[in-house]
Amino acid sequence: MPPPHRRAVIAGIGEPPVGRLSETNPMEMHVRAARLALDDCGMGKHEIDGLLSSGTFLNDNIRHHMLIAEQLGIYAKSLCDTLRTGGQSYIHGLHLAKWAIESGQCEAVLLVRGDTTLSGMPKGEGVKAYVEYGAHPIEFEVPFGMTVPGVYALVAARHMHEFGTTSEQLAAIAVACRRHASMNPAAFKREPITVADVLASPMVSTPLHRLDCSPICDGGGAIIVTTLERARDLKARPVEILGIGEAQSYYHMGHLARATGARQQDKARFGLTRTVQAIAAEQAFGRAGVTPADIDVAQLYDSFTITVLLQFEDLGFCAKGEGGAFCENGRIELGGELPINTNGGLLSFGSSGGINHIIEGVRQMRGACGERQVPDAQVGLVTNVSAVSSNHSVAILGRH
Amino acid sequence: MSRPLPAPTKASLPFWQSCRNHALELQLCGTCRTYLYYPVYMCPECGSDELVWTPVSGRGSIHSLTVTTRSSFETDGPLVVALVELEEGPIMMSNIVTPEPGKLRIGDAVTIVYEDVAPEITLPMFRPE
């Protein structure tokens, strides 16, 4: 345990607009997001001695993190890297920032994200671009037509087969996110939708419809992590990081489904519909000293509706196989037992990657969500998920 | 974009050659007797490097499947992407060749068909039994 004054807290957040932002580019978005976070807490950029960025679709390169630091005028860092675990990178970055702060390696770490995958790519090229980026195994999956929606469709189909999960139950997740986005002036997609609307939207890859899939959208964000001692003198209310957990498994779906190479005692524990998020959750809840029943609000990474449904099970909110029923009867909407994605999530707020889930989680702990605020929220959960629901990071945040 | 073709590696060349020969072979670990897919340099189960290329039956069942009309390359009609669990144990991604994709179900028995998609490459695919 670090001495109390050395405890890492989230001191600042910055979130540029999302949408189709034809007039900008990833580097400018990184700069905007960083400046918003610095202004949010009133910290000077000279105090930042750690910088973590993430791989972008556009304008990425081996020195990405150094270029951003140059643009921001942050000369000497003691932690500086580009995190390349996809959407999972942000809570992973938060974890690295926490370790850096609490060990004394850094005094203030900036996590920053910005990408223009919507305006920066020709329409309809998204799926192909992802393939070219190396998102899928080139030799054994791409030749058979694997795509990102296809990956999650295979997981959803298996879940329906094993547990009787329905399209209506998946759709309830999209409906909840859209309802919350309708209360968020900054969201990309705000017009309310119904379960029937989701099922009527074109099928992308069975069983996932278009409205089961998050839209491609430009966006970004920045977070500043520093010591509690420093944060106390800053403008914004600090948010506690009660516990973080991480777990990563596989990439090739056959290996994931078979739990190839897993320890004997884990072979039955993991598979396509049983993810290693359970390990990350054990770590996060254990370190925070709370249980799922203590969570007031959750920002769950929502690349697809199935991505979320699995998490109700693997995080421990319900038993394996009961994720579908968990989504019903407004349980996951504001006013329900476990409101999720109060900004609208990837599914309706937009952006890409997992930094905006953290930002909304911080806002909930600050009491700053206005109409979307969960009354008296004390403990919040945030998750990031990437690859084939096989890269996980889980954070539990607390009101200071 | 047309279907991207695999580029065989040192580990996988015998696999792709077995596909061209229309006689699928996989590595069998001599130590723990596990059949391995995809081709590797050491057994991911027990760590042994005693791996022997061995013919397999080509029969399996559907572990999961998805039907799409919008893949990363153009197709004539819907594409069925499936995870096929081979009799011998491994699960491999492939396509199911069938005139009626809507009738496929998880658990259905399938058997291998060899699609000579290019002079140098044959892809293993499956059809319902």
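Colleague: Before we get to counts, what is a polar contact here?
Modeller: A polar contact is a pair of N or O atoms within 3.5 Å, and within protein one must be able to donate a hydrogen and the other to accept it; please keep in mind that this is a predicted model.

Colleague: Then how many residue pairs are in polar contact between chain B and chain A?
Modeller: Between chain B and chain A there are 15 such residue pairs, with both residues at pLDDT 80 or more.

Colleague: Which elements of chain B give two or more residues to the side that touches chain A?
Modeller: They are helix 1 (13–20), strand 4 (59–68), strand 5 (79–86), strand 6 (91–95) and strand 8 (122–128) of chain B, and strand 4 gives the most, with six residues.

Colleague: And by class, what is on that side of chain B?
Modeller: The side of chain B that touches chain A has 25 nonpolar, twelve polar and five charged residues.

Colleague: How many salt bridges cross the interface?
Modeller: The rule finds two across the interface of chain B and chain A, and the side chains of B:Glu45 and A:Lys267 meet in a salt bridge at 2.7 Å, N to O.

Colleague: What area is buried between the chains?
Modeller: About 3100 Å² is buried between chain B and chain A, with carbon and sulfur atoms giving 61% of that area, while 42 residues of chain B are in contact with 34 residues of chain A.

Colleague: Changing topic, in what order do the three strands of the open sheet in chain B run?
Modeller: The order is 2-1-3, with antiparallel pairing, and the edge strands, strand 2 (35–36) and strand 3 (51–55) of chain B, each pair on one side only.

Colleague: Which residue stands opposite B:Gln27?
Modeller: B:Gln27 stands opposite B:Leu36 in strand 2 of chain B, and strand 1 (residues 25–29) pairs with strand 2 of chain B over two bridges.

Key
Residues numbered from 1 in each chain as written. Chains lettered and ligands numbered in written order. Predicted model: local features only at pLDDT ≥ 70, side-chain atom pairs only at ≥ 80, totals over all residues. Heavy atoms only, no water. Pairing = 2+ DSSP bridges. Helix = DSSP H or I, 4+ residues; strand = E, 2+ residues; numbered from the N terminus. Contact = heavy atoms within 4.5 Å. Buried area = accessible area lost by both parts, 1.4 Å probe. Salt bridge = Lys/Arg side-chain N within 4 Å of Asp/Glu carboxyl O. Polar contact = N/O pair within 3.5 Å; in protein donor to acceptor, adjacent residues only side chain to side chain. Nonpolar A, V, L, I, M, F, W, Y, C, P; charged D, E, K, R; others polar.
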